[in-house]
Amino acid sequence: MAYAKRSGGEKAFDAFNVTLMVLFAIICIYPFAYVLALSFNDGQDAMLGGIYLLPREFTFENYTTVFQDDRLLNSLGISIFRTVMGIILGVAVNTLYAYAISKSDLPFRKLFNWMIVIPMYFGGGIIPYYIVCQKLGMINNIWVYIIPWAAAPFHIMLLRISIKELPPSLEESAQLDGAGYFRIFAQIVTPLILPSLATVALLTGIFHWNDWFDGTVMTSKSSMWPLQTLLLNIIQGSDMTSFFKNGNMSTAGGVYRKITITPESLKMAMLVITVVPIFMIYPFAQKYFIRGMMVGSVKE
Amino acid sequence: MTANQVLTKQPDADSKKDSHRLFGPERRKLMKKYRALYLFLVPGAIILILFAYLPMIGMVMAFQQYDPVSGFLGSKWVGFDNFIRVFNSPDFGRAMRNTLVISFLKLIFGFSMPIIFSLLLNELRNYRFKKTVQTMIYIPNFVSWVIASGIWYSLLGDTGIVNNLLIQLGIIDESILFMQSKALFYPIIIFTDLWKSLGYNTIFYMAAMSSIPVEHYEAAMIDGAGRYKQAIYITLPALSKTIVLLFILQVGNLLSAGFDQLWTMSNLAVRDIADILDTAVLRTLTSGSINDLSNGAALGMFKSVVALLLFLITNWIANKLDQGSLI
């Protein structure tokens, strides 16, 4: 946009605006840098305060301790499993559904359409949901994290919109060649909607990686906790003694060893471990997230 | 061309007539043609029926004295007893009050700030700078509330950076227990909510702005409108549809208040003012008492129904207003 020559007032406004935006961006990012610095700092030393951006007493101790803990490794495994399976199943189920309802003359299409619209605005609530899962034998079962989320109405809508944008002639010519719907779906439709598939895969992955609720509610065993649920329990003050079993706190070992870790410094390392995957995919994923949000905001 | 139109129109009209009959010959033919596609619908449909629709049917337990052995079908019916008991309990009044207070605070700040910030972002002249700022302010949205809560507990803790700075600047002598303070709890909730979602919520508005034709601004400039006037008279009106849409969604969520945030950020010291409807429902589940389940279901159902009504009412009003403004 071309602007006229800036007046003094405008210059002042621009300076103010830029300052405000820089400040805002710093507030958004800095908390992560702070936690990162603490996670690499000697825990005892960190209690003195005064660490702002860089570690003062650099150490890997927090990470090595955390990665030796069975509970953490177990939860990490659960989180990875549900994220990978959740993405595979979610993308498959949603894309198949979206492709079928993208045919505008499919009999009962309206019924299947309503089937995804209603749950977007109304739900039975957590208690009946829990009881249904219980009756289906899914409490304390890892699939309770995955299967109920495999059909996501919002993702189906998003995929349906991009399938509908494809030129019908592509499919028609394949049909003339005798291709069935499975082949058309797998060989023609899917490759053409890859950006939307990426959006759905990323949104599903983020959801599964970030979810702590199912782990809190749908299981009674802490061995079933995904990483986020384990972290939540630790933040809310659950027992951390398992982390201190390797002689760090014990006097029984005989050999004197300086204690450097604290519950707080271990929390910082766990926070970083939990958030790192998000930061790693974010630069590549940003445009897909925004795309997903755009499509979602213009329904129908 | 015309022949083509007639040809394509013909089956359409037929199928319209046909749709009055559930299984007319035309539909049967189509169903046969598409029979493979119904298989595509099966996995999604089964999952939705089991995990979205069965729980909706399960809401009948709100009118029962639910007992796990007899299930939804065999449990004793008690009419509105559960609702009456829930509405009369002191916990409900407290949760309702907290929910509304937090929701209104979020409506005031969480709703207006993204509009203001997107107008300000739009005024940034340097494209690269603007993109960099946008990339940074979206990030907090992608981490879970567990992470956000952990981070802010650390920043606001007694050896955290906020206390550190305040002491060094001589503003306070002793660390403030931010997270344990009832007076500071709502401001912290609002602030952290903004921290997490403000940047991301500007996306909607930025998208709407990018579709404003440049000619509108050029015409305004010729008429002598400065940047401020352009923002108020061109940009802002162009956002009105988006503003209304987001407002409807937010009003529909009035009884939600942000469950994830309040469950992860609250602690015993602030329980009184942090308990909302959703946390109250969940507590009936985690309490382990079977008698509580029906109460929890009643409370949950009340919340779902009110949310739906709020959504439908605001949606209806928005439609009316839109029609009115068109004339």
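Q: What makes Ala151(A) a residue that touches others, not counting residues up to four places away in sequence, and which residues are they?
A: Two residues are in contact if their C-beta atoms, placed from the backbone, lie within 7 Å. By that rule, and leaving out residues up to four places away in sequence, Ala151(A) touches Val93(A), Asn94(A) and Tyr97(A) as well as Gly44(B), Ile47(B) and Leu48(B). This is a predicted model, in which local features need pLDDT of at least 70 and side-chain atom pairs count only at pLDDT 80 or more, while totals for chains, interfaces and linings use all residues. Residues are numbered from 1 along each chain as its sequence is written, and chains are lettered from A and ligands numbered from 1 in the order in which they are written.

Q: Why does Ala151(A) count as buried?
A: A residue is buried if 20 or more other C-beta atoms lie within 10 Å of its own, exposed if 12 or fewer, and partly exposed in between. Ala151(A) has 27 C-beta neighbours inside 10 Å, and therefore it counts as buried. Ala151(A) is found in the loop between helix H6 (126-135) and helix H7 (153-164) of chain A, where helices are DSSP runs of H or I of at least four residues and strands are runs of E of at least two, numbered from the N terminus.

Q: What makes helix H11 (residues 214-222) of chain B hardly covered?
A: When the rule for buried residues is applied to the nine residues of helix H11 of chain B, the count is zero. Gly224(B), whose phi is positive, near 90°, follows H11(B).

Q: What is the largest nonpolar core, and which of its residues touch the most other members?
A: A nonpolar core is a set of buried Ala, Val, Leu, Ile, Met, Phe, Trp, Tyr and Cys residues joined through C-beta atoms within 7 Å. The largest one has 134 residues, and those that touch the most other members are Tyr97(A), Tyr99(A), Ala100(A), Leu231(A), Met270(A), Leu271(A) and Ala297(B). Helix H4 (residues 70-101) of chain A gives the most to this core, with 11 residues. Leaving aside its neighbours within four places in sequence, Ala100(A) is in contact with Leu106(A), Leu37(B), Phe40(B) and Leu41(B).

Q: How do you know that chain B is in contact with chain A, and how many residues take part?
A: The contact rule finds 70 residues of chain B in contact with 73 residues of chain A. On the side of chain B that touches chain A, the largest share, 16 residues, comes from helix H3 (residues 35-58) of chain B. That side has 51 nonpolar, 16 polar and three charged residues, where Ala, Val, Leu, Ile, Met, Phe, Trp, Tyr, Cys and Pro count as nonpolar, Asp, Glu, Lys and Arg as charged, and the others, Gly among them, as polar.

Q: Why is chain B called spread out or compact?
A: Chain B has 17 helices and two strands. The radius of gyration is taken over C-alpha atoms, and the globule rule is 2.2 Å times the number of residues to the power 0.38. For 327 residues this rule gives 20 Å, whereas the radius of gyration of chain B is 27 Å, well over that value, so chain B is more spread out than a compact globule.

Q: How do you know what confidence chain A has, in terms of pLDDT?
A: Here pLDDT is the predictor's confidence in each residue, from 0 to 100. Chain A averages a pLDDT of 88, and 89% of the residues score at least 70. Over residues 249-255 of chain A, however, pLDDT stays under 50, and for these residues the model has three contacts beyond four places in sequence.
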